[in-house]
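Please find below a colleague's note for a reader who is new to protein structure. The points are numbered and may be read beside the model.

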Amino acid sequence: LVGVDDAPYIFLAHHSRRVGFLSLEDEWKLLADLTLTAGLRYDDYSDFGDTTNPRLALVWGVNEDLTAKLLYGSAFRAPSFSDLGQKNNPVSLGNPNLNPEQIDTVELAFSYRLNQNLQASLTFFDYEAKDVIEFLSDANGVTKTAQNARDQDGDGFELELSWKPMSQLRLSSSYSKQDATDA
């Protein structure tokens, strides 16, 4: 093997990342059939900084067969090493000044057990994504460079059915519809 770390035409220079995090979560039983779960996660990345993301879940056991959930969450996607530093690529180049992608989501979910072997779930969702990383054309018209290029808003629903006709067999099916637009 030949080391090429310092070669002028290397695709991706040596890169390291230190990640530290702290996650807290607690659950409160507000009523016999109503539970609130709250969480907070802090992440610290050595190469781009830190981010804090909360989560909330309110779960109502309407009856033995029906559960309703109201969920809120915030999350992020760290830029990949390629997003940050690829070079000498004839098509796409990295950008060391990228921020993480951020997303806030709200969901309203219902889960209903039709019988012991058949369950249906319906989830409505809405989200706002910010600083989505995309490779945009450079002035030279040949290469593209990673940028925090756009925001995206979306909403939709997902319907799921799960049937277990025998102990060794489970059949699942889902249908989802999403409407997403550039903000």
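**Notes on the strands and side-chain pairs**

1. Strand β2 (residues 34-45) and strand β3 (residues 49-61) run antiparallel and are joined by 12 bridges. Strands here are DSSP runs of E with at least two residues, numbered from the N terminus, and two strands pair if DSSP finds at least two bridges between them. Tyr 42 stands opposite Thr 52 in β3.

2. The model is predicted: local features need pLDDT of at least 70, side-chain atom pairs count only at pLDDT 80 or more, and totals for chains, interfaces and linings use all residues. Residues are numbered from 1 along each chain as its sequence is written, and side-chain values use heavy atoms, with hydrogens and water left out.

3. Strand β3 also pairs with strand β4 (residues 66-77), in the antiparallel sense, over seven bridges. Ala 57 has Leu 71 in β4 as its bridge partner. A hairpin of four residues leads from β3 to β4.

4. Apart from neighbours within four places in sequence, the contacts of Ala 68 (heavy atoms within 4.5 Å) are Leu 58, Val 59, Trp 60, Val 62, Ala 109 and Phe 110. Arg 18 is 50 residues from Ala 68 in sequence, and their C-alpha atoms are 39 Å apart.

5. Rings of Phe, Tyr and Trp (its six-membered ring) pair if their centres lie within 6.5 Å; planes under 30 degrees apart count as stacked, over 60 as edge-to-face and the rest as tilted. There are two aromatic pairs by this rule. The pair of Tyr 45 and Phe 76 is edge-to-face, because the ring planes stand at 90°, with the centres 5.7 Å apart. Tyr 45 belongs to strand β2 and Phe 76 to strand β4, 31 residues apart, so the pair links distant parts of the chain. Tyr 45 is buried, at 14% relative accessible area, whereas Phe 76 is partly exposed, at 22%.

6. The pair of Phe 157 and Tyr 175 is tilted, because the planes are at 50°, with ring centres 6.0 Å apart. Phe 157 lies in strand β8 (residues 144-166) and Tyr 175 in strand β9 (residues 169-182), 18 residues apart.

7. Side chains of opposite charge can pair when their charged atoms come close. A salt bridge is a side-chain nitrogen of Lys or Arg within 4 Å of a carboxyl oxygen of Asp or Glu, and the count by this rule is 10. One of them joins Arg 17 and Asp 47 at 2.9 Å, N to O. Arg 17 is in the segment before β1 (19-31) and Asp 47 in the loop between β2 and β3, so the pair ties together parts 30 residues apart in sequence.

8. Glu 64 is exposed, at 71% relative accessible area, while Asp 65 is partly exposed, at 28%.

Key
Buried means under 20% relative accessible area, exposed over 50%, partly exposed in between (1.4 Å probe, protein chains only).
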